[in-house]
Each structure stands twice: as C-alpha cells, then as structure tokens.
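Subject: Handover of a structure, with notes

Dear colleague,

I am handing over the structure below, and my notes on it follow directly after. Please read them with the model open beside you.

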Amino acid sequence: MAKYIMKRLLHTLLVIIAISMIIFFAIRLTGDPVTVMFGAGEPTKEAVEQITEKLGLDKSLPEQYFIFMKDLVQFDLGVSYRSNQPVLDLILERAWPTFLLAMGGMVVAVLIAFPVGIISAVKKGKSVDIFGRIFSLIGISFPNFWLGIMLILIFSVSLKWLPASGFDSFSALILPSLTLGLILSGILARLIRSSMLDVLKMQYITTAKSKGIKDWVVIIKHAFRNALLPTVTFMGLQFGALLGGAVIVEQVFAWPGIGRLIVDAINQRDYPVVQGGVIVLAIVMVVVNLLVDLSYSIINPRIRTGRG
Amino acid sequence: MATEVLKVSDLKVGFTEDKVDVPIVNGVSFQLQQGETLGIVGESGCGKSMTSFSLMGLLPSGIHWQGGEVLLDGNPLNVTSQKEWRKIRGKKIAMIFQEPMSSLNPVYKIGNQIIEMIRNHETISKKEARVRAIEMLTLVGIPRPDKVVDEYPHQLSGGMRQRVMIAMALSCNPEILIADEPTTALDVTIQAQILELMKSIQAKMDMSIVLITHDLGVIAEVCDRVIVMYAGEVVEEASVADLFDQPKHPYTKGLLNSLPNINNEKERLETIEGVVPAPADMPSGCRFYERCPAAHEKCLVQPEFIVVDNQKVKCWLYHQ
C-alpha cells in the first residue's frame, strides 16, 4: 500500500508540473497585462518598461517559468497585479465557499440520485423506472445557468423563501447547491441504475436470495454495495469538477468562490492569480483523485489485497 | 420405508406470450425420499434449472408458475407467501450453483456471508454463528478454516469457493440441497472431490439432494435415482443402475451413446440428430418425435408413462 501511494504521489508531481507549464504559457498567449493595467490611458514608454521590469516580464520565458516554479515549491504563488495581495491569501479566502458549494451540490446529488437510481433498477420497466429515467434525462439536459435562474425566479423572486445570492447564511447555500446537485443527480442516477442492473444479474444476488434474506437486504447490502464501486470514481471526479467548474453557478449566484476569482483574473490578465488558482485547483483535483482511489480500495477488497 | 420429503406433481412453469401460457417445464412429476440423491439430467434448455428454481421460489422475472403442485413435507409450496418462502429458502431447501467464481459476493468476507445465512434463520449471537461458520468450513474440507473465515472470495480457487458455497448452504441443516450443475465449471479432479464431499456430508447429515446436470458421468457417480428430461418433460425415470444398464427411452439411449467410450475406436462421437423444438413451437405428440430413430405414426399422439422393469418411461415403444 505504501508503495502504491508513493507511486501515485510521483505520478501526481508529474501531472502538476505538466499543468504548471500549460497554464504558464497559455495565459501568456492572452496578451500583455501591462496594457490592460493602464486601461484607456496612453502610458509613456518608460512607464510601461518600468512596470514590465517590476513584474519580471522583461525576462525570457524560460527564466520567468523557472522563477515561478522556484517560488511555487516554497508555497509562494506571487502577488496579484491588481490588488497587490498575496495570491495564496486570495485563494484561501475563496476556498471555503467553493468547498461548501461543492459539498452542498454533492449532498443534493447523492440524496436524489441514490434512491432514484436504485428504485429505477429494481423496478426496471415499471412506471417508477420510466419516471426516474425522464428525471435523469431532464437533469442531464438542463443547462445549469438556466436552472439556477429558474430557481431564483421561483424561490427568491416569487415565493421569497430563499436568498438569490450572498454567502452569509445556510439558506444562501440552498439554491446554488440545488442547481449543481440537480444537474449532477441526473447523470449519477443513470449511472447507479445501469450499475445496479449489471449487479442484479450476478449469480451472488441469486445466492443471497436463496439464503432467504429480505429483498431490501439483498438490494442494499448485496447489490448496491457492489454497484457503488464504479460510482465512487465518478463521484470523486465530479467533486473535483465541482470545485473548479462551478464557475457559471458561482456567477449566477454571486458566490465568492475560486472559479469566479480565476475568471476575473483571466479578464484582467492577472498572471499570478490565474497561475496560482489553476495550480491549486489542479492539486486539489489530483488529491481528490488519489483519495477516491484509496477509498476504492476500502470498498473493493480485491484491490486492497492486491489480487484479482 | 424412507419418508418422502418432496413431491412434485405435474409442475408447469413458463412465460406468457400474447396472453397464452407457454410452458418451459411441462408437467414434471417426481418424488424425493429422505437421504436420497435424485439426478435430473438433460440438455441445456430442457427445463431442469427452471424446475429447481421453482422449488426455491426464485423464478426469473417473466417466468411464472402455471400449474401443478409441490409438497414439501406434505405442505404445498406453491401457495406460500414471500415471507414463508424466506423461511424455506436456506432453512429447508438450500441451493448451490454452477459458477462458484461468481456465487459469492466479492465485497464481503466468507465468514460474514455464512454468518448472515445462519443468523437469518436462527437467533444466535455473532460469535456463536462465527464458531459454526468455522465448523462448517472444516466440515467441507477447507484448510486453515479459522483464516479463510476472514478472507474474501477472490482469495480462494474455484473448487474452494464451491466448498464454501456448500458450507454456507448446509449451515442451517436443510432437508434438501439443490445442486445446479455444481461441478460443471470445475476441473475434473476438483469435480470428483466436490462430488465425494457432497456424498460424505449427505451421509452425515441425512439430507436429500437434487442434482441437476447435463453430465451422465456425474449422475453415475453420486445419484440413486435419475429422471431424464427432454424439452420440458420427464421422459424416463429409473434407478441409476437400471438407467445405465438398460436405458428405455430412445432419448436416454441417445444420450448414453453420445458419451465417449475408451474401448470404442471410432474417431467421432455419436450425436443425436436435430435440435430441441422451441417452447412455443412444441409438437402435439411426443416431443422427441423429430429426432427419434424409432419414430412411427403412433408418436404423433402424446404417449403416457408406462412402467417397464421398474423404470418409468414415456414412449410408445413399450405400450402394447
């Protein structure tokens, strides 16, 4: 197991180096940050040169990348061109809201998708299943910005039950979590349904029934536990995606998350914030993946014991 | 006179197509005595597995009971509710299957799977159930049972897994064990060991076995009596010795002829020409008519069972 984790960590390191290169060069293709800083004004040549030098942008690209990496290994992500605040502080400030939203979305998705997927599979072809599948399809088809706006219109504007934006109370978390979770639950329910259908055909399900145990024990303990295996990987990846990819929902609900921070930084060509933000998300994503794989070995004994 | 534990009369099981019942198992009858091993032999699709699944109340979806009666210790099985079925499954009738590799749940320890069975039918503590599980594993000849009890199925070979299945099936001391092709997926040497094991445990526990197989070799090895099934019907019933000595039904003869024989120098094995008719397309007369070397006009009418030399056979050849 220790060897496996070491191997994975090495792998992780390579991935992060690759991502750092891609983001470092890609952001430099978007244009010169100095011109953006001066806005509509006509800066003097000296002023531009002075700032370029101050930001270290006069150095060659390999040299800039080397400095960026040297700082990175010391956990120094640089300082924002815009606000002059350390990038790490900016990200940490936004990390909690992003994490909270991702968790909220995941909880909603699980609460809906698990029962829908299981019941759909068990009652395959019955009206409950057809209802469940239509629900999944709707979940998959809805664009999340549209769903977000609809939820705001219904629950904030018309009913005035829940706030449409903000980050100060639990109730503010409900609508964005629902938006993310409803969309995700569509795919998740489908996945669980098909995974359950595969498992229900297995011989050990007949064995379980032949022991005379109750139907729901067969379904939950014997079938669902096995159907969960392929689902966990998906949920882990989705959780990673929720952390970084909730940009649109963060915009709709004015949620102060990392996604919005990066989008704003890209618009302003704030190189350090973009680089830092993406690198941190990449690290989180890779760590989540690692945790998913480790958790997989807990629920699947065939991996834990290193055979099969 | 041994007691009769199971009596199946005129069992019909099948599916419904366009509101018409199409039987897969058509009027199967047999009895099972205490301590006896009854073999059910036939080709794939002859209804032998469906017969066994109806005895467990575990018919696949779409397949249902269409008629007949099954008496377990004199009590009719076909009217029992799901709740009553659950008391019978595992406790009165236990079952083992063809694929030991996939018969055990991969995510639970072997011991826990056996304990689940025991605690489902008996009110005993986990600790006691675990002791019993280890006893059962010892009984079926698992080496290091106190270790294996905490192992996962994938850590064992196919033969060992089938032993575990047997241990689990027998853990609540059932009256009847249904073994559906229990050795088909195993190596020949392991097959012999498993059959030997079933025989020795049967003697210890005085239980009855229904052994379902397509392999006449297996039948010869362990069974007392055999019923031969063809296209959903029983065509012959006899003791093992009689069946192998003097098969009566042309289908049984064909089956025996198609076995490889070490003294036979012919290069090709005998086969029975043709294929089994589809369930929805059964001839009204004898179902073996099309493939039978002895077929004649009479066979267009369904024959009745007739007893010849202590053998029951469903063939016009023996009707005077």
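In which order do the four strands of the open sheet in chain B stand, and is their pairing parallel or antiparallel? The order is β2-β1-β4-β5, and the pairing is antiparallel; helices (H or I, at least four residues) and strands (E, at least two) are DSSP runs numbered from the N terminus, and two strands pair if DSSP finds at least two bridges between them.

Before going further, please note that this is a predicted model, in which local features need pLDDT of at least 70 and side-chain atom pairs count only at pLDDT 80 or more, while totals for chains, interfaces and linings use all residues. Residues are numbered from 1 along each chain as its sequence is written, chains are lettered from A and ligands numbered from 1 in the order in which they are written, and side-chain values use heavy atoms, with hydrogens and water left out.

Strand β4 (residues 64–72) of chain B runs antiparallel to β5(B) and is joined to it by two bridges, with B:L71 standing opposite B:P76 in β5(B).

As for chain B as a whole, it has eleven helices and twelve strands. Its radius of gyration, taken over C-alpha atoms, is 21 Å, close to the 20 Å that the globule rule (2.2 Å times the number of residues to the power 0.38) gives for 320 residues, so chain B is as compact as a globular protein of that length. Along the principal axes, the C-alpha atoms of chain B fill a box of roughly 65 × 50 × 40 Å. Of the 320 residues in chain B, 52% are buried, where buried means under 20% relative accessible area, exposed over 50% and partly exposed in between (1.4 Å probe, protein chains only). Taking contact as heavy atoms within 4.5 Å, 65% of the contacts in chain B between residues at least 6 apart in sequence join residues at least 24 apart.

Helix α1 (residues 48–56) of chain B is mostly covered, with eight of its nine residues buried, among them B:K48, B:M50 and B:F53; just after α1(B), B:G57 takes a positive phi of about 65°. Strand β10 (residues 233–239) of chain B has six of its seven residues buried, so it is largely enclosed by the rest of the structure.

β10(B) also has two pairings to look at. Strand β9 (residues 225–230) of chain B runs antiparallel to β10(B) and is joined to it by six bridges, B:V226 having B:A238 as its bridge partner; these strands form a hairpin with two residues between them, and B:A231 in the turn has a positive phi of about 50°. With strand β12 (residues 311–313) of chain B, β10(B) pairs in the antiparallel sense over two bridges, and B:E236 stands opposite B:V313 there.

Finally, in chain A, A:V116 is found in helix α5 (residues 87–122) and is partly exposed, with a relative accessible area of 23%. Leaving aside neighbours within four places in sequence, A:V116 is in contact with A:G132, A:F135 and A:A189.

With best wishes
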